[in-house]
Amino acid sequence: MCSAFFYSPPILKRKAAPPPASSSTSSSSSAAAAAADYEKAHALVAAARPKTPIFWVAPLLMRLWKNKPSTSKRSGAKGSDCGGDFGGCRCGEGGGVHGSWMSSATVLAASASSSADNMSPSGFSSTKTIAGPSKPVHVVTVVPGNGARGTLEAPWTEVMEHMHRRMQYVSPAFSLHVVTEEDLLTRGLAALADLPVPASTEHARKTSSLNHPDILYFCKTQNPAIAPLLQHYIAQVPHVLALDSCPILTRKTRIGPARPYGPLAGFWKALPLPTERKRLLTLFETVQGFWERGHSDDILYCVLVVINAVLVDIPAVSEILKPVTFQALQCMLTNCGKQIVDCQRNPACKAALACLESCPPNDQVCRYRCIVQYESTEFEQFALCILQKHNCLRNQAAIPMSPDPAPITHFRGEKLTHEMAEEIQFGHLGGLQQKLPWSWKVISGVNPAYDFFPSQHMTYYQKGKALWYQPVFRVITFDGKQVWRRRLYRVRRAKVPGTFYYTVLDNGVTSSEFWRIIDAAEDMSWVLFYYSGAAAAAGQSYTGAILASPTGEWPAGPEESYKPRILAALDRAGIKEWELFKVNHGSSEGAPLEIDPLAERRFMYPGWAGAKKAEASAGGSKEEEAVAVA
C-alpha cells in the first residue's frame with residue numbers, strides 16, 4: 001500500500017520554439033506544413049490500429065505531434081532551479097535530476113540533517129545533497145474568514161496556512177500568504193500592504209506600496225464587492241485564478257494571456273494547433289480538476305502546477321508530467337516487444353493501460369487504483385521490462401527527506417534499541433488472547449493513493465535473520481466487486497533505532513522506502529509510522545503516515561489520554577488531523593493473511609538493486625543472491 005508505481009503514459013516535453021516567420025507567406029506555409037503533419041499523424045493512427053497488436057503506440061505518436069514546440073511566455077520568467085520537495089516529495093538526489101536542471105546556483109533541496117542513513121532509492125547510497133537557493137515565488141490567496149470551512153473540516157485560513165508550510169517543504173523560497181474576505185472589506189488594500197514582502201522581491205517592488213504577488217488565488221470568495229475593491233491590484237498581478245468564487249471574480253481568471261472565461265477561450269481550445277494559450281487553458285482545467293478532488297494534496301497542487309508551468313521548474317511536478325520521446329518508443333519496441341504484445345493480448349493488462357490513460361495528471365489515486373484493479377502477470381512483466389529493467393522513459397526520483405521527523409527515542413521508560421523497535425513492528429502477531437494473525441490494523445493514513453484502502457492489515461515476520469513486511473488490503477473495483485491484494489517488503493534496520501529501509505517490487509517496479517516509528521503507546525494500543533519513498537523507474541516520490549492499533553479502531557478510553565500525544569507526533573511530520581483518511585474495516589472476512597512460504601523467492605529478480613548482496617541486519621551477514629521471478 002505504501003509503494004508507489006504510477007505508470008502514466010506521459011506527454012511529450014516541449015522544446016524551444018523556432019522564431020516566428022516574419023512574413024505572412026511564411027506563416028501560411030508553416031500552418032500548411034503543420035496541417036499536413038496532423039493529417040499524416042491521423043493516417044498513421046488509422047493504419048496502425050487494425051494491423052498490429054501494439055497499436056497502443058499510435059496514440060503516443062499522436063501525442064508527439066500534438067506537443068510540437070510552441071512559443072512560450074514561460075521561458076523568460078522561468079528559472080532552472082530545482083523546486084525541491086512537494087509536501088515531502090523531493091525532486092531527486094545525486095542522479096535524481098536531469099543535467100539540464102542543474103546549475104551552479106541550484107542543488108537539490110533536502111533537509112539539512114537527517115536521522116536516516118542518507119540514501120537514494122537505487123541501492124540506499126550514503127551520498128546526500130545539500131539544499132541550495134531556488135527562485136522565489138510569492139502567492140497570495142483570498143479565502144472566507146470567520147472560521148468558514150470547506151470539505152477538509154478545517155477553517156480555510158488554517159488550511160491555507162498549512163499549505164504555506166507544505167510549500168516550504170518544496171522550496172524555502174516559496175511563500176503563500178492568506179487574506180480573508182472580511183479583512184479586505186474592513187481594511188481595504190491595507191490588508192494586502194501588511195503582507196510580508198519576500199526579501200528577494202523587496203528591491204524589485206520597492207517603488208510600489210503594495211506587495212504584488214506572482215499568483216493571486218480567490219478560493220470560495222463569494223462577496224462581489226471584492227472585485228471593484230481590488231480592480232487595480234488584480235491588474236498588476238501576472239496570474240489570477242478564482243476557484244468556486246463569485247461570477248465577477250471568476251471572469252477575471254487568467255494565466256498569463258489565457259483567459260478561461262474570455263470570449264475566445266473556446267476558439268483557442270478547439271484550435272487543432274499547439275499554442276501557448278491552448279496550453280495555459282488546459283492548465284487551468286487541470287487546476288480545476290485538482291480543486292474539485294479537494295484533498296490537501298490536491299489543493300497544494302492547484303498552486304504547484306501553475307508555478308511549474310509559468311514560473312519555475314518543480315521536478316516533483318514536472319517529473320510526473322514527463323514527456324515520452326521517440327527514443328523512448330524505440331527503447332520499448334526494441335527491448336520489450338514481446339511484453340507489449342502479451343499485454344495487448346491480455347484483457348486485464350490492456351484494461352490497465354486504458355484506465356491509466358484516462359487518469360488526470362498527477363491523480364495518484366486514480367492511477368494506483370487502476371493498477372491494483374487490473375493486476376496481472378502480463379502487466380507486471382510489461383512494467384518490469386519498460387520501466388524497471390530498461391528505464392525507457394529515463395525516469396528518476398529520490399526518497400524525500402523533508403519533512404524528516406525523528407523516530408521515537410524511548411519506549412517503556414528505556415532507551416529504544418533496534419530489538420525493541422522490531423518488537424513494536426511485530427506488534428500483536430500471535431499475541432493477545434485472540435492469537436491475532438496480524439501485527440497491526442490501520443486506523444487511518446494520510447496518503448490518498450495508498451493509505452485509504454479498506455481492511456488494511458500489517459503483518460511483520462522474521463525468517464532467519466531477514467525481516468519481512470506483508471500488507472494485506474481490500475480493493476473495491478470499478479464495477480463494485482471486492483478483491484484482496486497483498487505486497488511483500490524486505491525490511492532492514494537503518495542506523496538509528498526506530499528507522500528502517502523497506503524495499504518492494506510492486507507490479508514490476510521497485511520502490512525503496514525509509515520508515516520511522518514516530519511514536520507508540522507503552523501498552524501497544526496504537527503506533528504511528530511515517531514513511532517516505534521513491535519508485536525511481538516510475539519517476540515518483542511520495543510520503544505518508546499510518547496510525548494503527550490491534551483492532552483498526554481508536555484506542556479505548558478518554559481521548560485526552562492518547563489523542564494529544566498522537567496529534568503532536570503527526571505535527572512533527574507536518575500532518576494535520578483533518579488530512580487523515582479513516583480506514584473502513586467492514587467486510588474484512590476472508591483476508592489472505594497466511595504467509596506464502598515461496599513469496600520471498602518470487603520477491604526479486606536478477607539485476608534489481610535489492611537483489612544484490614547487502615547487509616541483512618546489524619550482525620553484518622549477507623543475504624543470498626535473489627532468484628528470478630517465477
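Begin the tour by selecting residues 34-133, where pLDDT stays under 50 and the model has 242 contacts beyond four places in sequence. This is a predicted model, and pLDDT expresses the predictor's confidence in each residue. Across the protein, the average pLDDT is 75, and 69% of the residues score at least 70. Select next residues 1-28, another stretch with pLDDT below 50; beyond near neighbours in sequence, it has 87 contacts in the model.

**The disulfides**

Turn now to the cysteines. A disulfide is a covalent bond between the sulfur atoms of two cysteines. How many disulfides does a search of the whole structure find? The search finds 5, and the tour visits some of them.

Select cysteine 336 and cysteine 385, which form a disulfide with their sulfur atoms 2.0 Å apart. This pair links distant parts of the chain, 49 residues apart. Cysteine 336 lies in the loop between helix 15 (326-335) and helix 16 (337-345), whereas cysteine 385 belongs to helix 19 (residues 377-389). Why is this disulfide described as left-handed? The torsion about the S-S bond of cysteine 336 and cysteine 385 is about -90°, and therefore the disulfide is left-handed. Cysteine 336 and cysteine 385 are both buried.

Move to cysteine 343 and cysteine 349, which are joined by a disulfide with an S to S distance of 1.9 Å. The torsion about the S-S bond of this pair is about -90°, so the disulfide is left-handed. Are cysteine 343 and cysteine 349 buried or exposed? Both are buried.

Select cysteine 359 and cysteine 366 next; their sulfur atoms are 2.0 Å apart and form a disulfide. The link of cysteine 359 and cysteine 366 has -75° about the S-S bond and is left-handed. Cysteine 359 is buried, with a relative accessible area of 8%. Cysteine 366, at 18% relative accessibility, also counts as buried, because the cut-off for a buried residue is under 20%.

For contrast, select cysteine 219, which is in no disulfide. Which cysteine has the sulfur nearest to that of cysteine 219? The nearest is that of cysteine 302, 7.5 Å away. Seen from cysteine 302, the closest cysteine sulfur is in cysteine 219, and the distance of 7.5 Å is too far for a bond. Cysteine 219 is buried, with a relative accessible area of 2%, and cysteine 302 is buried with a relative accessible area of 2%.

**Helix 20**

Continue to helix 20 (residues 418-426), in which 7 of the 9 residues are buried, so the helix is largely enclosed by the rest of the structure. To display the buried residues, select His418, Met420, Ala421, Glu422, Ile424, Gln425 and Phe426. Step past the end of helix 20 to glycine 427, whose phi is positive, near 55°.

**The nonpolar cores**

Finish with the nonpolar cores. Select Met332, Met458 and Trp515, which touch the most other members of the largest nonpolar core, a set of 67 residues. What does methionine 458 touch, not counting residues up to four places away in sequence? Its contacts are Trp438, Ser439, Trp440, Val442, Tyr469, Gln470, Trp515, Phe529, Ile546 and Ala548.

Notes. Residues are numbered from 1 along each chain as its sequence is written. This is a predicted model: local features need pLDDT of at least 70, side-chain atom pairs count only at pLDDT 80 or more; totals for chains, interfaces and linings use all residues. Side-chain values use heavy atoms; hydrogens and water are left out. A disulfide is a pair of cysteine sulfur atoms within 2.5 Å. Helices (H or I, at least four residues) and strands (E, at least two) are DSSP runs, numbered from the N terminus. Buried means under 20% relative accessible area, exposed over 50%, partly exposed in between (1.4 Å probe, protein chains only). pLDDT is the predictor's confidence in each residue, from 0 to 100. Contact means heavy atoms within 4.5 Å. A nonpolar core is a set of buried Ala, Val, Leu, Ile, Met, Phe, Trp, Tyr and Cys residues joined through side-chain atoms within 4.5 Å.
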